[in-house]
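Here's a quick briefing to read alongside the model. Have the sequence and the 3D view open as you go.

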Amino acid sequence: DGDIWKWGADANIRGNLWRKHGDIDDVFTGSSSWSKDRGVYDIICAQAELAPYAGPGHWNDPDMLMVGIVGFGKTHPTLLTPNEQILHVSMWCMMAALLLIGYDLTKLDKFTLAILTNDELLDIDQDPLGKAATRIVTRAEGGEVWTRPLSDGTHAAALLNPRPFDQNITLNWSDIGITGMQSVRDLWLHENVGSFDQEYSVIVPAHGVVVLRIGQ
């Protein structure tokens, strides 16, 4: 409330963290009034305009991670699909968000452990430069490109597919102000996928994401 992100970090206030929306729910996107602005994709979209207000010591808070076992009082396995959970964690890291879980660790399964402990994504989240990702491209078919600069001079890019079908998404080097041959590493596959000139394209699954680190 009150556009706190515009004044919360003021030297006389020194706020460290602020929210823009109601409590998150374990749905992908709002399709009815009760989940409006509470689904994962709704919150991602709401955070897009807040990127300039994030930085070391003062952060935008998109709320908790709804992965694994979730709920208040009566808990349940998250309603998010595996691809949606990967997208969820990926975009929170891209947005330089605090990664908060409300989770019974005695019920931690291998999949949830794997997505919460991806060191390459955590490095993006905690990069010292502290720049939150911005949405630089929205394709006509709905594919999105989010990028953030990193302290070592490379760029992180998330190719996000909010649609319920697989689609090809392309990142053009010109969109992030770089040129020439660039090495591309897939941070979920944990592998270098090659060097590319001018652009990189990949098939992104429905409600899924591909996260890349790009640099010479």
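Y200 counts as buried, because its relative accessibility is 9% (buried means under 20% relative accessible area, exposed over 50%, partly exposed in between, with a 1.4 Å probe and protein chains only). Keep in mind that this is a predicted model, where local features need pLDDT of at least 70 and side-chain atom pairs count only at pLDDT 80 or more, while totals for chains, interfaces and linings use all residues. Residues are numbered from 1 along each chain as its sequence is written, and side-chain values use heavy atoms, with hydrogens and water left out.

**Aromatic pairs**

- Searching the whole structure turns up two aromatic pairs (rings of Phe, Tyr and Trp, the last by its six-membered ring, pair if their centres lie within 6.5 Å; planes under 30 degrees apart count as stacked, over 60 as edge-to-face and the rest as tilted).
- F28 and Y41 make a stacked pair, with 5.7 Å centre to centre and 10° between the planes.
- That pair links distant parts of the chain, 13 residues apart: F28 sits in the loop between β1 (17-18) and α1 (40-47), and Y41 is in helix α1 (helices are DSSP runs of H or I with at least four residues, strands are E runs of at least two, and both are numbered from the N terminus).
- F28 is buried at a relative accessible area of 7%, and Y41 also counts as buried, at 13%.
- F196 and Y200 pair up edge-to-face, 4.8 Å centre to centre with 70° between the planes.
- F196 counts as partly exposed, because its relative accessibility is 25%, whereas Y200 is buried.

**Strand β12 and its partners**

- Strand β12 covers residues 208-215 and is mostly covered, with seven of its eight residues buried.
- Strand β7 (residues 155-161) runs antiparallel to β12, joined by seven bridges (two strands pair if DSSP finds at least two bridges between them).
- A158 has V211 as its bridge partner in β12.
- Strand β9 (residues 181-186) is antiparallel to β12 as well, with four bridges.
- Opposite D186 you'll find L212 of β12.

**A nonpolar patch**

- I101, L105, L108 and L113 make a nonpolar surface patch of about 340 Å² (patch residues have over 30% relative accessible area and no salt bridge; like charges are joined within 9 Å, nonpolar side chains, meaning Val, Leu, Ile, Met, Phe, Trp and Tyr, within 5 Å; a salt bridge is a side-chain nitrogen of Lys or Arg within 4 Å of a carboxyl oxygen of Asp or Glu).
- Accessible areas come from the Shrake-Rupley method with a 1.4 Å probe, and for residues only the protein chains shown count as cover.
- L108 lies in the loop between α2 (82-94) and α3 (110-116), and is partly exposed at 32% relative accessible area.
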